Amino acid sequence: MELHVIERPANAFQQGLTGRQIQAVAERAFGPGAEVRSATELGGGMYNTTYRIDLAGRAEPVVLRVAPEPARQFHSERELMRAEYASVPWLAPIADLMPHVLAADFTQSVIGRDWMIQSFLPGTPAPELLGSYPKETHAAFFRQMGEITASVHAVAGPWFGPVGGPGHGRWSEAVVASLHLIAEDVESCGLDAADLRKAADAAQAGAQLLDEVTVPRLLTGDLWTVNTMLAPAPIPTICGVLDMDRTWWGDPEADWTMRMARAKQDERLAFFDSYGHPEITEASAWRRHLYELRHLGALRLERHRLGNEAGVDDSYRTVTEELASLM
């Protein structure tokens with residue numbers, strides 16, 4: 001087997017597999033006769049460890065995604081791969097853009113970690129190709145993003161909260177629970193989470209405003225440019241969507257995608273040409289500030305995981321500003 005890995009520090013969050021482990025995974029998925037010709041670790045993601053696998057006798061490569069060891073996962077991010085697997089039937093509106101699941105094993109009996117094998121999507125990761133197109137064509141990309149997001153948000157679910165559960169009957173309960181989990185994770189890192197506890201208290205106090213949202217909608221979790229593939233075309237054309245492992249049921253305005261679409265007053269606003277322009281009320285504006293606090297808490301965790309101390313420090317300032325907007 002040819003094994004090509006990304007060199008990482010010994011204490012890095014993402015931990016690779018040995019050639020023997022990859023072969024064992026292949027045999028579990030495809031049978032004892034499976035033979036891995038080559039395995040190439042792919043960059044781009046910051047959570048799962050991902051490989052392109054070429055198998056003897058199989059014309060097309062496959063993609064192996066391996067979750068972090070259970071002990072390394074935050075409680076607010078626990079079992080994301082299982083969440084993605086549970087989300088697949090609900091993501092039917094964009095099934096033509098997503099890789100197919102070929103095998104999955106959550107027993108952790110082969111390598112001590114969850115893993116999933118998917119079909120290999122053609123195309124080029126958007127971060128590598130989008131910048132090569134003239135700026136005036138980028139609006140077409142974001143209009144497609146709006147269409148994709150709208151089709152996901154149109155799916156109604158059985159409860160609020162994680163797709164795989166635990167579910168909540170009220171949106172306020174799901175938001176408060178999520179903020180408390182993030183705060184607990186921040187504290188487990190030895191960091192102060194008092195500001196995020198205040199955000200959870202504000203969510204509880206504003207439960208009536210949150211519970212104006214009565215229909216749980218499917219949220220992409222973190223869909224943006226890094227999760228898309230582009231086809232060779234005169235204008236940026238999305239041909240694939242990847243890594244839908246942070247899906248949950250809730251208010252579409254709480255989705256990361258909505259935050260990113262509004263982050264800059266530039267061509268990304270074409271997103272709303274196809275998605276539509278949500279009504280802005282005093283209550284919805286308040287909810288947006290609360291959702292931003294949840295995003296900032298999650299970002300604090302990610303920055304800590306990546307060793308971005310300056311980013312962690314800055315998160316306290318931005319959380320303070322958002323908290324003031326709730327008052």
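View 1. Glutamate 267 is partly exposed, with a relative accessible area of 22%; here buried means under 20% relative accessible area, exposed over 50%, and partly exposed in between (1.4 Å probe, protein chains only). This is a predicted model, in which local features need pLDDT of at least 70 and side-chain atom pairs count only at pLDDT 80 or more, whereas totals for chains, interfaces and linings use all residues. Residues are numbered from 1 along each chain as its sequence is written, and side-chain values use heavy atoms, with hydrogens and water left out. Glutamate 267 forms a salt bridge with lysine 135, and the closest N and O atoms are 3.0 Å apart. A salt bridge is a side-chain nitrogen of Lys or Arg within 4 Å of a carboxyl oxygen of Asp or Glu. The count by this rule comes to 26 salt bridges. Helices (H or I, at least four residues) and strands (E, at least two) are DSSP runs, numbered from the N terminus. Lysine 135 is exposed, because its relative accessible area is 55%.

**View 2. The second largest pocket.** About 270 Å³ of space lies in this pocket. Of its 14 lining residues, Met258, Arg259, Arg262, Arg288 and Glu292 are the closest to its centre. Helix H8 (256-261) and helix H10 (282-305) are the elements that give two or more residues to the lining. H10 gives the most, with six residues. By class, the lining has five nonpolar, two polar and seven charged residues. Ala, Val, Leu, Ile, Met, Phe, Trp, Tyr, Cys and Pro count as nonpolar, Asp, Glu, Lys and Arg as charged, and the others, Gly among them, as polar. On a 1 Å grid over the protein atoms alone, a pocket is an open set of points where a 1.4 Å probe fits, with protein on both sides within 12 Å along at least five of seven lines; lining residues have an atom within 4 Å of a point. Grid points are joined across faces, edges and corners, and the volume is the space filled by probe spheres set on the points.

View 3. The side chains of glutamate 292 and arginine 259 meet in a salt bridge (2.7 Å, N to O). This pair links distant parts of the chain, with glutamate 292 in helix H10 and arginine 259 in helix H8, 33 residues apart. Glutamate 292 is buried, because its relative accessible area is 17%, whereas arginine 259, at 23%, is partly exposed. Arginine 262 meets glutamate 253 in a salt bridge (2.8 Å, N to O). Glutamate 253 counts as buried at 15% relative accessibility, and arginine 262 counts as partly exposed at 25%.

**View 4. A network of salt bridges.** Glu77, Asp222, Arg246, Glu302 and Arg305 are linked in this network.

View 5. Most residues other than glycine have a negative phi, and most peptide bonds are trans. Glutamate 79 has a positive phi, near 55°, and is placed in the loop between strand S4 (62-66) and helix H2 (80-87). Its relative accessible area of 37% makes glutamate 79 partly exposed. Aspartate 243 also has a positive phi, near 55°, and lies in the loop between strand S11 (237-241) and strand S12 (248-250). Aspartate 243 counts as partly exposed, at 28% relative accessibility. A cis peptide bond, with omega about 0°, joins glycine 165 and proline 166. Proline 166 is in the loop between strand S8 (161-162) and helix H5 (171-188).

**View 6. A nonpolar surface patch.** Met1, Leu3 and Val5 form this patch, with about 240 Å² of accessible area together. Patches are made of residues with over 30% relative accessible area and no salt bridge; nonpolar side chains (Val, Leu, Ile, Met, Phe, Trp, Tyr) are joined within 5 Å, and like charges within 9 Å. Accessible areas come from the Shrake-Rupley method with a 1.4 Å probe, and for residues only the protein chains shown count as cover. Leucine 3 lies in strand S1 (residues 2-4) and counts as partly exposed, at 34% relative accessibility.
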